[in-house]
Structure formats: C-alpha cells, structure tokens
Amino acid sequence: PAKGKSCPFSAQARSFDPFGPAYQQDPSEALRFSRDSEPVFYSEAMGYWVVSRYDDIKAVFRDNITFSPANALEKITPATPEAMDVLKREGYGMNRTLVNEDEPVHMARRRALLDAFAPEALAEHAPMVRRLVREKMDAIIDRGQSDLVEDMLWDVPFTVAMQFLGVPVDDIDRLRSFSVAHTVNTWGRPTPEQQVAVAEGVAKFWNYCGEVLARMSAQVDAGEDVQGWMYDMIRQNRVMPDIVTDNYLHSMMMAIIVAAHETTALASANALRQLLTHRHQWQAICDDPALIPAAVEECLRHSGSMVAWRRITTKDAEVGGVTIPKGGRILMVMASGNHDPRHFENPDQLDIWRDNSADHLTFGYGAHQCMGKNIGRMEMAIIIEEISRRIPHIELADQDFTYLPNISLRGPEALHVRWDVTQNPERRDP
Ligand code: HEM
C-alpha cells in the first residue's frame, strides 16, 4: 500500500507471520480472521499478499499467466551474504523444474513427461507399495508400540519415490538430511547462524544430484534397459534438449526427491493422526475398507501436507476485490481454503462421508496440479488398509506433536501409537 494513504488492512493482517506459533500449530485456524473478514491482505511482516478463501485461491491457481509460479521454490528467507558465498563456491544452480516453470515451456515439458503417470503405469507400482508396507508391519506387529513416522511413514514413500524415479539409493540417511536442508532452505526461516549450514547442506545435495544424474545418463547413453521417471526425462533430454534442458534435469532431480516423498510421508502421518482421533470414523474404516479412498481424500482436505503455495503477479491483478500490483508475491494458504465454509459445510469437522472432499486444494489446481497425486493417494490408501486390517485396535499415545518450522510442508515429526498385541486379529485367529 502506498505511503500517505491509510492502510486498508488490519493490524492483525499486517503483522501476520507464518513462522509464528499460531500458523505453525494450525495454519487453517491462524487464518480464520482472514477467511471471515479480510480474505486478501498484505503481510508487511513477510512481504507477501496472503489469499485465504477457497474461490480466490482457485482463481489464482487457474490463471498461471497472470499469476506466475516462478517464485514457487524461491527461498522464502533470503540467503545471507555468507550463505550466498557457500552456494556460489559450490556451483549451486537450482533453477526451473516443472512446478515453477512458465508457459509455454511448462506445458510442452509436462506433456513430454506424462507417460509414467498413466493409470496403467501406476497400477504396476501397487504390489511394490503393498509389499513394503507389509514388511514394515511385520517388523512392528508384535511390539505393541511404534513411532509410525520412524518405523514406516518415512521409509515407504521414500522407497516408492526412488523406485518410481529409478534413482539408485546408496545412502538413505544422507538423503534424509538433504531433504530437511532443502525444506528449510525453501520454506523455512533459518537464523543467520543456521543459514551457512543450510547452504552447505543444499549445495551438497545439489552436487550429489549431479553425480547421480551423471551415472544415470551414462546408463541411458549406453543403451541399458533402465526404468523410471528420471530415465524417461534423460531420454527426452536427448530428443528435445530445448524443452527438457540439462539444467532442468539437474534441478528436477533435486526438487523431485523431496516432492515425491516428504509430501506423502507427512500426508500419511496427518491422516492417521486424524482418523485415530475420530475413533468412530476409524472403526467405520476397519469395518468397511471400501471407505478408505474417501477417507484419504477427506484427510487431505482436513489436514493436508502442503498447506501453502506461492505465485507472483506478472501484471496488476485483482483477487477477491483487492488489487495486487505487478510483481506482488502471493501466498495461497490451501489449508485455509480447505476449511472455507463457503465451499465445505461444517469445514472444521473431519467427515469421511462428506461428498465434496475431493475438491480440496492440497494438490494445487489447474495447469500445474500435482502430477503425482494418484501415487500419493495410492500409498496413503495402502498404508491405511494394512494398518486397519492388522491392528484395528491401534490407539494414539499421549504426545505433543512437533513440526519442522516452515510455511508449506506440514506433518508431525513423530506419531507415537500403541496397541495390545494379545488383541492382534492374526493372533486370535491365525
Ligand atoms: C506439484 C502437492 C505427491 C510430483 C505439486 C503441487 C502441490 C503438490 C501443491 C503444486 C501444484 C500447483 O502449482 O498447482 C503434493 C502432495 C503430495 C504430492 C500434497 C502427496 C500427498 C507427489 C508425488 C509426486 C509428485 C508422489 C511424484 C512422484 C509433482 C510434480 C509437480 C507437483 C512433478 C509439478 C507439476 C507441474 O508443475 O506441472 N504437488 N504432491 N507429487 N507434484 Fe506433487
């Protein structure tokens, strides 16, 4: 807002800070004031225009020309000069992928890379997902307690993602620490002291991705019959280097390792937490597993793992009656849109029988809508199927939930559960 004019936004809006405890604990609740009375506002604290209502968020997603995704993976907390030095020294060059690419390149690239997501191609992965989940279940079934994040919900999506991509995994723990560095780097608020360590982590991740890519490219060039989405991309790079560029391959390798597994791991943890908190709905699922796909969708609406996403205006544009100037950075809070009573009746209530859960915004919307949404859904459904079948009497343990402080990716860092092993159905009825 121009100086001299009285600012149209409330003090609460102007000082809105997504790193504050309210948003970090419950982003939808933190934006209730905005949904109710100032649906589009400028946060001076963060330098972003915040959009909180369902229809407004959808309108921004729908027009990716006026509202460019170019800033989707921008560091929300600018690098300090010391951190910049680290990135420069290490040759860090993360740039456009798909999710932050403009038209017309984005659509040409997306079309060239769609085959791996066809329903038949995805169906081939289902047995692998079920096998992985069963192995994890076997390991804990007689234990009577577990941190499901540690014992299953991180490893399964990670392994599935790497298999889907074809990326060889030689060092899981290293990749796990890289993912955290990438999330904090993109969506977090590292202190100036932490910035250098985060930059070092990200730069190592970048160089690691380059090495893996070089190995995979050599296999393609040697004509090896190797399978996976990264291999598809490398092959398309050889056919259409202007569309599927070299930098794209390297940037995508880094972005997709996070996009394909953390989102799903956190969404699964959120879903199990919600379902186990609403015992009657959990019981309904145990009695009738056909309800699981609808339950997955409702959990993605109620407690999604991607709670906010960004755009930047390419010209002056109106959103919800407010004019956002050209170059305005926008934070769409999908967690808020998913709790908008204008679209979802009684929105704060988890209700697996709701008929419009699938309208949620957790996968984005429009030209960039998540390509992996059906992989994520399938994994969540299989995880819930196996747990509800083999330990239907599972309960949440008393615990305080903690989150990695950041504005977009959300899910508990641990999910402690317990169950009476003498009541395991497979013991009573072997
Ligand atoms: C894009 C969320 C799982 C691959 C996105 C976007 C969101 C998102 C919010 C941006 C959408 C937009 O701008 O409109 C999620 C969530 C997941 C999930 C919540 C799990 C529950 C996956 C998986 C994969 C994947 C498993 C890959 C195997 C992608 C890709 C894009 C994308 C490639 C970019 C599409 C484009 O820009 O054209 N996802 N994602 N995602 N996601 Fe996912």
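1. Strands β1 and β2 (residues 48–51) pair in the antiparallel sense over four bridges, where strands (E, at least two residues) and helices (H or I, at least four) are DSSP runs numbered from the N terminus, and two strands pair if DSSP finds at least two bridges between them. Within this pairing, valine 40 has valine 51 of β2 as its bridge partner. The model is a predicted one, in which local features need pLDDT of at least 70 and side-chain atom pairs count only at pLDDT 80 or more, whereas totals for chains, interfaces and linings use all residues. Residues are numbered from 1 along each chain as its sequence is written, and side-chain values use heavy atoms, with hydrogens and water left out.

2. The β1–β2 pairing belongs to an open sheet of five strands, whose order is β1-β2-β8-β5-β3 and whose pairing is mixed. At its edges stand β1 (40–43) and β3 (67–68), each with a single partner strand, so one side of each is left without a neighbour in the sheet. Strand β8 (residues 329–332) pairs with β2 in the parallel sense over three bridges, and with strand β5 (residues 309–313) in the antiparallel sense over four bridges. Which residue of β8 stands opposite tryptophan 49? It is isoleucine 330, and isoleucine 330 is also the bridge partner of arginine 311.

3. There is also an open sheet of three strands, in the order β4-β10-β9 and with antiparallel pairing. Here β4 (145–147) and β9 (395–396) are the edge strands, each with a single partner, so one side of each is left without a neighbour in the sheet. Three bridges join β4 to strand β10 (residues 416–418), and the two run antiparallel; serine 146 has valine 417 in β10 as its bridge partner.

4. Buried means under 20% relative accessible area, exposed over 50%, and partly exposed in between, with a 1.4 Å probe and protein chains only. In soluble globular proteins, nonpolar side chains tend to be buried together.

5. What is methionine 152 in contact with, leaving aside its neighbours within four places in sequence? With contact meaning heavy atoms within 4.5 Å, methionine 152 touches Val133, Lys136, Met137, Ile140, Pro157, Ile383 and Ile387.

6. The whole structure contains zero disulfides, a disulfide being a pair of cysteine sulfur atoms within 2.5 Å. Cysteine 209 is in no disulfide, the nearest cysteine sulfur being that of cysteine 370, 19 Å away, and at 1% relative accessibility cysteine 209 counts as buried. The sulfur of cysteine 299 is 13 Å from the closest cysteine sulfur, in cysteine 286, which is too far for a bond; cysteine 299 likewise counts as buried, at 1% relative accessibility.

7. Cysteine 370 is found in the loop between α19 (334–337) and α20 (373–390). Its SG atom is the only protein donor of the iron atom of the ligand, at 2.3 Å. Donors are N, O and S atoms within 2.8 Å of the metal (3.2 Å for Na, K and Ca), and water is not among the atoms, so sites may look incomplete.

8. Rings of Phe, Tyr and Trp (its six-membered ring) pair if their centres lie within 6.5 Å, with planes under 30 degrees apart counting as stacked, over 60 as edge-to-face and the rest as tilted; by this rule the count comes to 14 aromatic pairs. Phenylalanine 16 and phenylalanine 41 form an edge-to-face pair, at 5.7 Å centre to centre and 85 degrees between the planes. The pair links distant parts of the chain, 25 residues apart, with phenylalanine 16 in the loop between α1 (11–14) and α2 (21–25) and phenylalanine 41 in strand β1. Phenylalanine 16 is buried at 6% relative accessibility, and phenylalanine 41 is buried at 0%.

9. The rings of tyrosine 92 and tryptophan 206 have their centres 5.6 Å apart and their planes at 70 degrees, so this pair is edge-to-face. Tyrosine 92 lies in the loop between α6 (81–89) and α7 (105–112) and tryptophan 206 in helix α13, so the pair ties together parts that are 114 residues apart in sequence. Are the two partners buried or partly exposed? Tyrosine 92 counts as partly exposed at 23% relative accessibility, whereas tryptophan 206 is buried at 5%.
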